[in-house]
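This report is for a reader meeting the structure for the first time.

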Amino acid sequence: MSEERFMDKIIEVCLRRGFVSPTAEIYGGAGGFYDYGPLGTLMRQKIIDLWRQSFVLDEDDIYEITGSTLLPEAVFKASGHLDSFDDPLVQCEKCKSMFKADEVIKGVTGKSAEGLSLEELDKLIADNNINCPSCEGTLAKTRDFNLMFKTEIGSTGGINGYLRPETAQNIFINFKRLANFMRNKLPFGVAQMGSSFRNEISPRNFLIRGREFEQMEIEMFYDQDKENEHPRFHEVADIEINLVTREMQEKGWKEPLKLTTEAAVDEGVIPNQYLAYYLALETEMLKAIGIPEDDFWFRHMQDHEAPHYSAGNFDLEADLSLGHMEIVGNALRTDYDLQKHAKASKSTFELTMPDGKKVVPHVFEPSLGVGRIFYTVLEKCYREDERGWTWFQFPPTVAPLEVAVFPLMKKDGLAELAQEIHNELKDAGYLSFYDGSGKIGKRYARADEIGIPYCVTVDYDSIKEFSVTIRDRDTMKQIKLPIEDLEIAIGELMDGEADFEEFNQES
RNA sequence: ACGCCAAUAGUCUAGCGGUAGGACUUCAGCCUUCCAAGCUGGGAACCCGGGUUCAAAUCCCGGUUGGCGUACCA
């Protein structure tokens, strides 16, 4: 494989310019863990801020919480995460079938093998010459398929704990207090942003599949009888979204189906308004951070693909160099989690509606992967010309740095004035960067490479007539304007209130 | 997780038994009145552990990390 992957180019810039690097690199690293560097941290924070603004702060009935990443065993016993994957499994090397190791052993020896270590199970299989129950092939080594990181809580190891494999459980187990806080009215939503952990068998593809990953999630609680009464649905009714239905997948699809959310619900393509509402919000957010709308769609997952708790998933898939990757999970979790936790903790999670009806809310969960979205932005904004120079065409909404200030020369007081302007831009709240070394063209190139949308150059006219030049990354065009107008101009350009061309005519 | 392949400055790479060379980046200085290629100088590397050998970056074994394939992905 000598052909360079597109991803390798992205990784190379990430390492060189401080976006992302492997964790514990100097000690050989740890697979599936990554650290965000200086620029990566700025950009990641902007993505999170955008989500927080449009998914949480803009809503009246949604609040964000911050839960512990380590939770006691009982939580996952109830949620189903433990039971589904706690068993040591053996795989047949010939027919690839999976079996529970203890059941295979019991089938041959008649003795229970529960609770034995992997080594003990392997020894029993070897000692008893146990082969594959279905094809008689050789069995591979026993593996533990629980993908949760386990640890002990307390110095004496009183109870087991696990790093959460999804952020959602914090919200379900706090349901009573949260419902009380929301005055027991439906619908309401609880948001959370934070890390989750899965001890993946083989992490691959950089940020796409790590062992620690961040999720931006909402658990939206609603009355299933009112699943088509989302209070703000009318605001997104006209937004077009890309859909891939189950029928389309069976027939083999080329182009996603474009429908307004309203039409999608009316025609039964999307099961309810709550789901549709969030598909619209996600579409708007991804477009705003530089991902072209034709490059992603919502795929109705087949039954066997959906998680154990889901009655249907419409996952957002992006067309990446690696293929179609799931970037956002949209799950109809029904009342699965609340019922499970109610039973296991002997709690009541029913709410009494104004008409006296008792309701265990259903849940819709949009779960956005921070790292996956981050990587998608990098791929979709990456540009390269015939000379091999590269840059990121980040929209200002996610650009890790927003403006760079350069003195045309270091001498004659230009550097001092440029530094002053840079400080003022920072005071005004912009992510500004000062660079006075080397030649001006080199500095533009350095700024382009990390996707700074605007460069401000201080030249001799700045001293003579108090003007500066703004240079647009995407067109390399320049406009000259008075220093006193700079802050407002940068702001208007970033917000899209002013067009670079228009500005040119005005000045 | 299994199989095959790989690992040299910040990045990309040359060397493949006698302790490392380049390019770009970076830093200091010179030059420079707007788009990375001028000049001088300086930094900076053989993934980790064991073995073979007089001698290992180089050969062998194990580990780690990465790629590809298969598997897995709640």
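## Terms and model

Buried means under 20% relative accessible area, exposed over 50%, and partly exposed in between (1.4 Å probe, protein chains only). This is a predicted model, in which local features need pLDDT of at least 70, side-chain atom pairs count only at pLDDT 80 or more, and totals for chains, interfaces and linings use all residues. Residues are numbered from 1 along each chain as its sequence is written, chains are lettered from A and ligands numbered from 1 in the order in which they are written, and side-chain values use heavy atoms, leaving out hydrogens and water.

## Chain A as a whole

Chain A holds 19 helices and 26 strands, taken as DSSP runs (helices H or I, at least four residues; strands E, at least two) and numbered from the N terminus. Of its 507 residues, 50% count as buried.

## Salt bridges

A salt bridge is a side-chain nitrogen of Lys or Arg within 4 Å of a carboxyl oxygen of Asp or Glu. The count comes to 29.

R299 pairs with E317 at 2.7 Å, N to O. E317 lies in strand β15 (residues 314-320) and R299 in strand β14 (residues 296-300), so this pair ties together parts that are 18 residues apart in sequence. R299 is buried, at 12% relative accessibility, and E317 is buried at 9%. R299 also meets E305 in a salt bridge, at 3.1 Å, N to O; E305 is partly exposed, at 30%.

Elsewhere, R232 and E235 form a salt bridge of 2.9 Å, N to O. E235 is partly exposed, with a relative accessible area of 45%, and R232 is partly exposed at 23%.
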